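Hi,

Here is the structure I promised to pass on to you. Have a look at it first, and then read on for what turned up.

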Amino acid sequence: MSIRHGLLALLERGPRYGSQLRTEFESRTGSTWPLNVGQVYTTLSRLERDGLVVQDGEDDQGHALYSISDAGRTELRSWFETPVDRSSPPRDELAIKLAMAVGAPGVDIRAVIQAQRHHTVKAMQDYTRLKAQSLAQAPTNRDEVAWLLVVEQLIFQAEAEARWLDHCEARLVRLAEAAATEPEQNPAPASRPTARPAGRTRARR
């Protein structure tokens, strides 16, 4: 998630101060990715250092205002026009957990999958209710529409995760069945009678 570019997008609408930016960011995204004020001001300091925002006086309550610079607008346009890079995906804790659980002693990986599926389906149902509530209010302003896009992305993401978990479980079942039907590897050779050295027969009496 690019907080940096999110703040630039909000500043393009006009000068803002830190707490105002935090409130508008969370309103636009439905508080899906909450920010703290310190995080906002740290990001603003870096944007100012990079010449992408400038301090623009104070409001009537004495809040320091920030405005986007021409360089910031150029940076923002580039961000909007450039696809999000998927060649280096972020670490996914669930994928790492299942990868480590395969073959781990004492771990029932199917139980891990079932517990995660229950949680994922519940999250999907919660997101679907939020979407229904949003649609019932007939969203018209851009903050409401933006939140609707975010919650729909969360629904699609949860659906994809649930399908992936089903796939993982099916694959594990097939592997277990294949292992159960495989012949025993390297069976022990059958016992053979000991051969006597040639030319040394026992004399008959």
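The largest nonpolar core in this predicted model has 16 residues, and those touching the most other members are L7, L8, L11, L21, L44 and L47. Two or more residues each come from α1 (3–11), α2 (18–29), α3 (37–49) and β2 (64–68). Of these, α1 gives the largest share, with five residues.

Leaving aside residues up to four places away in sequence, L11 touches R16, L21, L44, V53, Y66 and I68.

There is also another core, apart from the one above, with seven residues, including A101, I109, I113 and L165.

Now for the two helices α1 and α2. Their axes come within 10 Å and cross at roughly 105°. Angles of 65 to 115 degrees count as roughly perpendicular, so that is how α1 lies to α2. On the α1 side the contact is made by G6, L7, L10 and L11, which meet L21, E24, F25 and R28 of α2. Sorted by class, this contact of α1 with α2 has five nonpolar, one polar and two charged residues.

Last, the aromatic rings. The structure holds one aromatic pair, formed by W79 and F80. Their ring centres are 5.2 Å apart and the planes stand at 40°, so the pair counts as tilted. Are these two residues buried, exposed or in between? W79 is partly exposed, at a relative accessible area of 34%, and F80 is partly exposed too, at 48%.

Enjoy exploring!

Best wishes

Notes
Residues are numbered from 1 along each chain as its sequence is written. This is a predicted model: local features need pLDDT of at least 70, side-chain atom pairs count only at pLDDT 80 or more; totals for chains, interfaces and linings use all residues. Side-chain values use heavy atoms; hydrogens and water are left out. A nonpolar core is a set of buried Ala, Val, Leu, Ile, Met, Phe, Trp, Tyr and Cys residues joined through side-chain atoms within 4.5 Å. Buried means under 20% relative accessible area, exposed over 50%, partly exposed in between (1.4 Å probe, protein chains only). Helices (H or I, at least four residues) and strands (E, at least two) are DSSP runs, numbered from the N terminus. Contact means heavy atoms within 4.5 Å. Axes are lines fitted to C-alpha atoms, for helices over the stretch in contact, and angles run from 0 to 180 degrees between N-to-C directions. Angles under 35 degrees count as roughly parallel, over 145 as roughly antiparallel, 65 to 115 as roughly perpendicular and the rest as oblique. Ala, Val, Leu, Ile, Met, Phe, Trp, Tyr, Cys and Pro count as nonpolar, Asp, Glu, Lys and Arg as charged, and the others, Gly among them, as polar. Rings of Phe, Tyr and Trp (its six-membered ring) pair if their centres lie within 6.5 Å; planes under 30 degrees apart count as stacked, over 60 as edge-to-face and the rest as tilted.
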